[in-house]
Amino acid sequence: MARDIFTEEHEAFRDVVRSFIAKEIAPYHEQWERDGVVSRDVWLAAGRQGLLGIEVPEEYGGGGNPDYRFYVVLNEELARAGVTGPGFAVHNDINGSYLLRLTTEEQKRRWLPGYCSGEIITAIAMTEPAAGSDLQGIRTTAIRDGDAYVLNGSKTFISNGILADLVIVVAKTDPSAGHKGVSLLVVERGMEGFERGRNLEKVGMHAQDTAELFFNDVRVPKENLLGEEGMGFIYLMQNLARERLSIGVGAQAAAEAAFEQTLEYCRTREAFGRPIGKFQYNRFTLAEMKTELTVTRSFTDECIAKESRGELTAEEAAMLKYWNTELLKRVVDRCVQLHGGYGYMTEYPIAKAYQDVRIQTIFGGTTEIMKEIIGRSLGV
């Protein structure tokens, strides 16, 4: 299906990304899977290639290009290649919005050059052991004491948590004020009382470090407050649409890649003297997947175009995240079935995809939360 949302410049950038993946990621990804974390070298290489901070103004070391479609290209190619280790999307699509929109001039000059070069790896710490999708239920506190906030609490399931040099922490600066008492603080590597727990063992996405973080009387300078005190919950709501779009974009690309691999397998794998794709049931299954992917591609590209124009709504982002991640699960499951026994062998990419995709309907807001957002917009 022809796509009309990209220009020649975007497609040239796609070639750059594919070459980068082939050279800097693919040869090492299996080892990173065993290690449970990628090498910091790939972050530095991404910085040299201009893949980090694309929208950051050039004066701070970035690419100076606010066109969101370049991040889309990067995310699509990483998803198609099945390389889930480098947490570039967390860094670019999620944290970049906070660091560009909410920072003071002094903070920009302090953090953004390293953010763009890959020397400063970022994470965002929202989820807690007793508070997942319910952000108003967080217990981490940051109480003002002179020229600093004293931060106490713990976070879990934090992507880039082991490698992160800079963590945006969601905390209650006024525990009695409900969602109006939530603020965002930037915790930096080496601050006393900031500790990392386990690099969590997950079902899939083994190369992406996911950690527990602990904050024990961490004195965070008031200069590390992000935006205004008490506005954290609103900032989170404003930025979640792009995060969910990013997840939906990756899910669509990953589903298309799984389908293409399986289609080729069905053309070449023979049973009872003919390719398995010639059997009517298998052919119908392929036809169903192709149709669903084609229809979903139209909505995905519409959402990308809207985000590029600054018009994407929270409800549309929720629809995309819900639909695309659930579609990815269905497609990969059917593709494994079409592979037969080989689909269960980890040497086949489809088996790796089967492990990696299960989290998609959970992180960034569960499918159930997405439906709640959509339902509320209907006035019911």
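This is a predicted model: local features need pLDDT of at least 70, side-chain atom pairs count only at pLDDT 80 or more; totals for chains, interfaces and linings use all residues.
Now let us go back towards the start of the chain. There the unreviewed UniProt entry places the feature "domain: Acyl-CoA dehydrogenase/oxidase N-terminal" at residues 7-119, and over that span the chain is 66% helix and 0% strand, with end C-alpha atoms that are 31 Å apart.

Before I show you some helices, a word on how we talk about them: two packed helices are described by the angle between their axes and by the distance between those axes. How do α1 and α4 pack, in angle and in distance between their axes? Helix α1, which covers residues 8-25, packs against helix α4, residues 69-81, at an angle of about 40 degrees, and their axes are 9 Å apart. That angle makes α1 oblique to α4, and the crossing in which α1 passes α4 is right-handed. On the α1 side the residues that take part include Phe 13, Val 17 and Ile 21, and among those they meet in α4 are Phe 70, Val 73 and Leu 74. Sorted by class, the residues of this contact between α1 and α4 come to nine nonpolar, one polar and seven charged.

Charged side chains bring me to salt bridges, of which the count comes to 37 in this model. One that I would like you to find joins the side chains of Glu 59 and Arg 109, with 3.4 Å from N to O. Because Glu 59 sits in the loop between α3 (40-49) and α4, while Arg 109 belongs to helix α6 (residues 105-117), this pair ties together parts that are 50 residues apart in sequence.

Within it, helix α7 (residues 232-268) and helix α9 (residues 314-339) pack at an angle of about 20 degrees, with 8 Å between their axes. Such an angle makes α7 roughly parallel to α9, and α7 passes α9 in a left-handed crossing. By class, the contact of α7 with α9 holds 19 nonpolar, six polar and two charged residues.

Helix α9 has a further partner in helix α11 (residues 367-377), and these two pack at an angle of about 145 degrees, with their axes 9 Å apart. The crossing of α9 and α11 is left-handed. From α9 the contact includes Ala 318, Met 319 and Tyr 322, and from α11 it includes Met 370, Ile 373 and Ile 374. Which classes of residue make up the contact of α9 with α11? There are seven nonpolar, three polar and four charged residues in that contact.

Key
Residues are numbered from 1 along each chain as its sequence is written. Side-chain values use heavy atoms; hydrogens and water are left out. Axes are lines fitted to C-alpha atoms, for helices over the stretch in contact, and angles run from 0 to 180 degrees between N-to-C directions. Helices (H or I, at least four residues) and strands (E, at least two) are DSSP runs, numbered from the N terminus. Angles under 35 degrees count as roughly parallel, over 145 as roughly antiparallel, 65 to 115 as roughly perpendicular and the rest as oblique. A crossing is left-handed if the near helix is turned anticlockwise from the far one by less than a right angle, and right-handed if clockwise. Contact means heavy atoms within 4.5 Å. Ala, Val, Leu, Ile, Met, Phe, Trp, Tyr, Cys and Pro count as nonpolar, Asp, Glu, Lys and Arg as charged, and the others, Gly among them, as polar. UniProt positions are given in the numbering used here, feature names are shortened, and annotations may be inferred rather than shown by experiment. A salt bridge is a side-chain nitrogen of Lys or Arg within 4 Å of a carboxyl oxygen of Asp or Glu.
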